[in-house]
Amino acid sequence: MVVEERIHTRSGDESIVTIDCLRSHHIKELMEIETVSFGAPWSERAYRNEMNNRSAIYLVALSADGAVLGYAGAWVVMDEAHITTIAIRPDMRGRKMGKALLVALLDAAATKGSKRATLEVRPSNTVALEIYRKFGFYPVGRRKAYYTDNREDALIMWLDGYDVESYVREAEVVRALFRWCDDAADTLKL
Ligand SMILES: CC(C)(COP(=O)(O)OP(=O)(O)OC[C@H]1O[C@@H](n2cnc3c(N)ncnc32)[C@H](O)[C@@H]1OP(=O)(O)O)[C@@H](O)C(=O)NCCC(=O)NCCS
């Protein structure tokens, strides 16, 4: 199921962004965002493998003309969502799209049984830390020299018992009947 999220931009105007499952034809544009967003980017092969991972959820935010504006992913293991990635195209950052994708991702994970969530983040990534803090993630420890590009530690963060509805209110994004894609099995070519 394709769902529309209404994103309110900082300038006060409004643009319609569709959130959909990651599909093969999105990968090329996703990789362009990946390589400019991360010091240790994942490969295209890694994302293609993820599309065959039954435990994985990958979502993309699409513009009205179908351009990939951002993406986010998680593995759902038992009642835990392990958030693997989130990135917004640099020219589209700061328009609440990251929050909208995180809401959609946690919502999709909840439909697969997730009640808690965890992730790793660089201590130097102040924007990401701020967004996670707003969602209620808290630090529980560090993985030493986790990042291969500069050997920076990773902060391990957890979020317990999350409530998607409260994010919809507080993150100021409109939840528009998000359901995990009904056609996921077809999409993922299982
Ligand atoms: C982290 C990222 C996904 C956030 O996406 P975004 O769409 O720019 O973020 P949003 O507009 O939804 O903002 C979410 C919150 O982040 C904070 N934030 C956003 N831009 C910020 C900035 N330039 N400075 C400080 N805080 C900022 C604000 O607290 C904001 O909440 P608010 O809208 O209530 O003020 C995006 O910056 C990105 O792609 N970064 C590169 C990849 C990355 O680091 N991913 C995270 C890996 S752990």
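How many helices and strands does the secondary structure of the protein chain come to? The notes below start there.

1. **Basis.** This is a predicted model; local features need pLDDT of at least 70, side-chain atom pairs count only at pLDDT 80 or more, and totals for chains, interfaces and linings use all residues. Residues are numbered from 1 along each chain as its sequence is written.

2. **Elements.** The protein chain has 6 helices and 8 strands. Helices (H or I, at least four residues) and strands (E, at least two) are DSSP runs, numbered from the N terminus. Read from the N terminus, the order is β-β-α-α-β-β-β-α-β-α-β-β-α-α.

3. Of the 190 residues in the protein chain, 32% count as buried. A residue is buried if 20 or more other C-beta atoms lie within 10 Å of its own, exposed if 12 or fewer, and partly exposed in between; C-beta atoms are placed from the backbone. Two residues are in contact if their C-beta atoms, placed from the backbone, lie within 7 Å. Among contacts between residues at least 6 apart in sequence, 62% join residues at least 24 apart.

4. **Largest nonpolar core.** A nonpolar core is a set of buried Ala, Val, Leu, Ile, Met, Phe, Trp, Tyr and Cys residues joined through C-beta atoms within 7 Å. The largest one holds 44 residues, and Leu59, Ala61, Tyr71, Leu101, Leu105 and Ala109 touch the most other members. Elements that give two or more residues to this core include strand E3 (56-62), strand E4 (68-77), strand E5 (80-88) and helix H3 (97-111). H3 gives the most, with 10 residues.

5. **Helix H3.** H3 is mostly covered, with 13 of its 15 residues buried. Its length checks out: at 1.5 Å a residue the 15 residues should span 21 Å, and the end C-alpha atoms are 21 Å apart, which agrees. The expected span is 1.5 Å times one less than the number of residues. Leu105 touches Ile57, Leu59, Ala72, Ala74 and Ile83, not counting residues up to four places away in sequence. After H3 comes Gly113, with a positive phi near 105°.

6. **The loop between E5 and H3.** Two residues here deserve a look. Gly94 lies in this loop. It counts as exposed because it has 12 C-beta neighbours inside 10 Å. Gly94 and Val127 are 33 residues apart in sequence, yet 9.5 Å apart in space, C-alpha to C-alpha. Lys96 also lies in the loop between E5 and H3. Lys96 counts as buried because it has 20 C-beta neighbours inside 10 Å. Its phi is positive, near 70°, in a residue other than glycine. Most residues other than glycine have a negative phi.

7. **Ligand shell.** Which residues are closest to the ligand? Ala87, Arg93, Gly98, Lys99 and Ala128 are, among the 18 residues that surround the ligand. A residue is near a molecule if its C-beta atom, placed from the backbone, lies within 6 Å of it. E5, H3 and helix H4 (126-135) each give two or more residues to this shell. H4 gives the most, with 5 residues. The shell divides into 8 nonpolar, 4 polar and 6 charged residues. Here Ala, Val, Leu, Ile, Met, Phe, Trp, Tyr, Cys and Pro count as nonpolar, Asp, Glu, Lys and Arg as charged, and the others, Gly among them, as polar.

8. Two strands pair if DSSP finds at least two bridges between them. E5 and E6 run parallel, joined by 3 bridges. Ala81 has Ala117 in E6 as its bridge partner. E6 and E8 run antiparallel, joined by 5 bridges. In E8, the partner of Ala117 is Leu159. E6 has a covered face of Ala117, Leu119 and Val121, and an uncovered one of Arg116, Thr118 and Glu120.

9. **Strand E7.** E7 pairs with E8 in the antiparallel sense over 5 bridges. Tyr138 stands opposite Trp158 in E8, and Pro139 stands opposite Met157. Ala145 lies in the loop between E7 and E8. Ala145 is exposed, with 11 other C-beta atoms within 10 Å. Its phi is positive, about 50°, although Ala145 is not a glycine.
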